[in-house]
There are 6 protein chains.
Amino acid sequence: MSDTMRERDARFERGMRVLESVDGEAGDRLIAALGDISPDIVHEVAAWAYGDVYARPGLVPRDRQLVTLGMLTALGDTTAELRVHIGAALNVGLTPDEVLEALLQSAVYCGFPRAINAILVAKEVFTERGLLLPRTAADTG
Amino acid sequence: MSDTMRERDARFERGMRVLESVDGEAGDRLIAALGDISPDIVHEVAAWAYGDVYARPGLVPRDRQLVTLGMLTALGDTTAELRVHIGAALNVGLTPDEVLEALLQSAVYCGFPRAINAILVAKEVFTERGLLLPRTAADTG
Amino acid sequence: MSDTMRERDARFERGMRVLESVDGEAGDRLIAALGDISPDIVHEVAAWAYGDVYARPGLVPRDRQLVTLGMLTALGDTTAELRVHIGAALNVGLTPDEVLEALLQSAVYCGFPRAINAILVAKEVFTERGLLLPRTAADTG
Amino acid sequence: MSDTMRERDARFERGMRVLESVDGEAGDRLIAALGDISPDIVHEVAAWAYGDVYARPGLVPRDRQLVTLGMLTALGDTTAELRVHIGAALNVGLTPDEVLEALLQSAVYCGFPRAINAILVAKEVFTERGLLLPRTAADTG
Amino acid sequence: MSDTMRERDARFERGMRVLESVDGEAGDRLIAALGDISPDIVHEVAAWAYGDVYARPGLVPRDRQLVTLGMLTALGDTTAELRVHIGAALNVGLTPDEVLEALLQSAVYCGFPRAINAILVAKEVFTERGLLLPRTAADTG
Amino acid sequence: MSDTMRERDARFERGMRVLESVDGEAGDRLIAALGDISPDIVHEVAAWAYGDVYARPGLVPRDRQLVTLGMLTALGDTTAELRVHIGAALNVGLTPDEVLEALLQSAVYCGFPRAINAILVAKEVFTERGLLLPRTAADTG
């Protein structure tokens with residue numbers, strides 16, 4: 001194995017460990033979804049996005065997820081990524097109420113359609129994790 | 001109850017009445033979809049978006065829906081909102097042909113993918129309301 | 001001249017007349033800006049966008065401009081087009097207050113950055129036309 | 001039948017032939033999806049988008065599909081169009097690997113969410129055509 | 001003065017105080033830019049965006065700015081807002097390196113053009129504040 | 001110097017050579033614009049975007065530029081990048097007419113505002129290179 005291939009593998013392994021530290025199953029799901037069609041994009045997500053960028057020490061994971069929630073909400077057409085990153089946000093220490101607060105604020109900058117889409121994804125993620133507390137109709141006013 | 005809470009409730013109630021004047025069931029659907037996860041965004045949609053902005057006298061509802069159809073079509077990833085606002089457009093006096101004409105024009109400014117997405121939502125709404133007239137293949141030429 | 005070329009010219013001429021009915025100088029400005037680099041896009045704007053689509057009888061010009069203001073505001077990066085269409089909106093019968101009301105409403109669906117950008121273009125257009133009335137600071141509250 | 005109607009029909013027929021040369025069934029699917037709700041948008045897709053623009057000799061179909069894959073990936077919310085144009089790209093001579101390479105590159109300019117969405121559509125199209133080759137997990141590193 | 005007007009003024013005053021706590025001059029600049037053309041959007045930015053949403057206790061200002069930087073970078077065509085919010089981010093406790101780290105990460109989700117645009121705005125803001133440290137060419141490798 | 005730093009430098013150098021093969025001065029301009037504020041984004045553009053992705057053998061540079069022109073036109077707010085990539089497109093073998101043809105086609109998928117913005121950037125680039133041929137007004141019809 002050449003040095004370049006060894007380095008390539010090392011970057012991939014490092015990135016997969018970062019990805020798994022954020023979300024234990026995300027690495028497996030990434031390979032399941034994309035490994036057969038584009039091993040190269042799997043490699044770049046792991047090696048570059050997580051290994052080179054996300055792993056940088058300049059911003060803690062909780063802060064990175066806040067920025068990412070903002071970007072994904074603003075972009076639109078990002079349901080799958082929002083699901084991953086709302087889960088990741090909870091994993092790295094944001095509370096459900098902080099996630100909702102971030103998404104409510106997005107209405108100011110991106111408008112209500114984007115904010116509502118993202119909150120509906122949060123509803124799915126919170127429900128799966130048993131985090132959706134019953135609230136009385138009176139809370140709505 | 002404090003003055004501020006009373007005022008908050010009054011703004012919500014006023015907004016819900018505006019929302020229901022546009023679409024009789026929209027208030028209930030909004031609470032059903034979002035009331036358990038984010039009563040706050042339900043509040044802001046009703047109190048602010050409908051009560052403070054939509055209810056302003058400077059533009060009649062029919063005109064507001066034309067602007068909104070343009071925005072939702074351009075934004076993309078707004079199927080649910082397009083369904084609401086194509087329905088609302090019909091409720092406040094736009095004809096089905098005027099809605100289609102607005103969406104056809106959107107191809108000029110946003111391109112065909114956005115225009116076609118929006119027209120497919122119109123097809124659903126018109127079909128539900130029994131407004132989709134049969135046309136012969138000859139009409140297509 | 002072949003029939004096809006004659007038809008092509010006829011479509012262009014018809015479109016330019018529509019464009020000029022909306023904005024007396026828009027045809028000249030279009031040719032000045034793009035005629036040397038891409039006569040073909042000039043042709044398509046005139047012949048197709050105005051001659052084939054805008055000229056359709058299904059929606060009056062005032063309604064078309066409302067939809068267009070919504071789209072251009074939502075798209076972003078459309079300063080030049082907003083300038084043309086805010087002017088056109090005034091030309092076909094929308095009042096300055098109706099234009100501002102449409103742009104204020106866009107904050108609900110696209111967020112404040114897009115709405116503010118569009119209102120700043122309206123400020124330029126209204127100022128050029130002497131339509132910007134002085135308002136006292138007290139109006140701001 | 002007037003000259004104008006005859007010309008309109010001729011433009012439609014010419015466009016449908018172009019569309020069918022790119023994708024044998026696309027014309028039928030277009031009419032099936034949109035012919036009953038908006039014969040006019042069917043007409044414009046065929047007559048204008050394919051007959052007037054796509055059929056121009058200045059760029060070969062293979063090149064047009066590369067540009068189009070870039071646009072659709074960047075726009076987002078274009079799953080149906082990506083399906084058509086990934087198929088069309090294969091029909092006019094791009095290899096599956098070239099399509100994937102174009103979509104991988106899109107991560108650089110549009111970010112990974114858009115690139116991944118497009119690659120998942122490619123996975124569907126390639127699978128339908130029996131083009132998805134099995135790769136071993138080792139390829140992923 | 002009616003109760004409703006008194007309440008409206010109180011919401012505006014509260015929002016302006018929040019806005020000024022984030023950026024001492026932002027309130028004045030907002031009125032200078034928009035007060036003559038649309039006192040209503042000035043009101044909504046202050047009363048709603050800052051008074052009702054930003055002032056909510058559920059997320060600290062530093063976190064709100066991280067989300068907002070993500071949204072503005074993703075949206076594009078937001079130079080003026082990025083200038084305000086990069087400044088605000090520094091005001092509420094983010095370091096210049098954290099801001100840059102957030103913007104670097106945006107390349108992963110929105111692509112390099114959006115990330116580079118935002119970093120160029122950061123360069124302006126940091127330069128104005130004397131925060132742009134000289135770095136040697138060797139740092140670039 | 002550690003192996004990792006040596007590898008990092010090697011990836012940067014390789015990327016800068018690719019970037020310079022596309023556009024002789026682009027590397028210098030990149031460092032001039034961003035080297036003082038964010039050496040890290042300079043590194044990632046060179047090492048990752050050009051060295052890892054663009055340099056891949058699966059798609060020739062001419063094809064990569066077609067995809068990129070499509071993406072940048074669709075994204076909007078990409079004037080600086082369009083300037084670079086329209087220049088790069090010419091450098092790697094696209095003719096001015098092919099570039100214009102690609103941008104004209106973008107009107108179909110992204111609408112005219114995006115297409116016109118991109119064509120105006122092409123006008124600047126072609127003018128700088130002495131490629132803008134005089135055309136008579138008669139060409140416009």
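This is a short chat about how some chains meet in a predicted model.

Visitor: How many residues are in contact between chain E and chain A?
Guide: In this predicted model, 31 residues of chain E are in contact with 31 residues of chain A.

Visitor: And what area is buried between them?
Guide: About 2,900 Å² is buried between chain E and chain A, and carbon and sulfur atoms give 68% of that area.

Visitor: How many salt bridges are there across that interface?
Guide: The rule finds six salt bridges across the interface of chain E and chain A, and one of them joins the side chains of E101(A) and R56(E), with 2.5 Å from N to O.

Visitor: Which elements give two or more residues to chain E's side?
Guide: On the side of chain E that touches chain A, those elements are α3 (39–54), α4 (61–75) and α6 (96–110) of chain E, and α4(E) gives the most, with eleven residues.

Visitor: What about the residue classes there?
Guide: That side of chain E has 19 nonpolar residues, along with six polar and six charged ones.

Visitor: New topic: what rotation superposes chain A on chain B?
Guide: A rotation of 120 degrees, with 0.0 Å of shift along its axis, superposes chain A on chain B at an RMSD of 0.0 Å, which is the relation of a three-fold axis.

Visitor: Which residue of chain A comes closest to that axis?
Guide: That is D77(A), whose C-alpha lies at 3.2 Å from the rotation axis.

Visitor: Why do you say the copies meet through different surfaces?
Guide: Because only 10% of the interface residues of chain A are also interface residues in chain B.

Definitions and conventions:
Residues are numbered from 1 along each chain as its sequence is written. Chains are lettered from A and ligands numbered from 1 in the order in which they are written. This is a predicted model: local features need pLDDT of at least 70, side-chain atom pairs count only at pLDDT 80 or more; totals for chains, interfaces and linings use all residues. Side-chain values use heavy atoms; hydrogens and water are left out. Contact means heavy atoms within 4.5 Å. Buried area is the accessible area (1.4 Å probe) that two parts lose on being put together, summed over both. A salt bridge is a side-chain nitrogen of Lys or Arg within 4 Å of a carboxyl oxygen of Asp or Glu. Helices (H or I, at least four residues) and strands (E, at least two) are DSSP runs, numbered from the N terminus. Ala, Val, Leu, Ile, Met, Phe, Trp, Tyr, Cys and Pro count as nonpolar, Asp, Glu, Lys and Arg as charged, and the others, Gly among them, as polar. Copies are superposed by least squares on the C-alpha atoms of residues with pLDDT of at least 70 in both.
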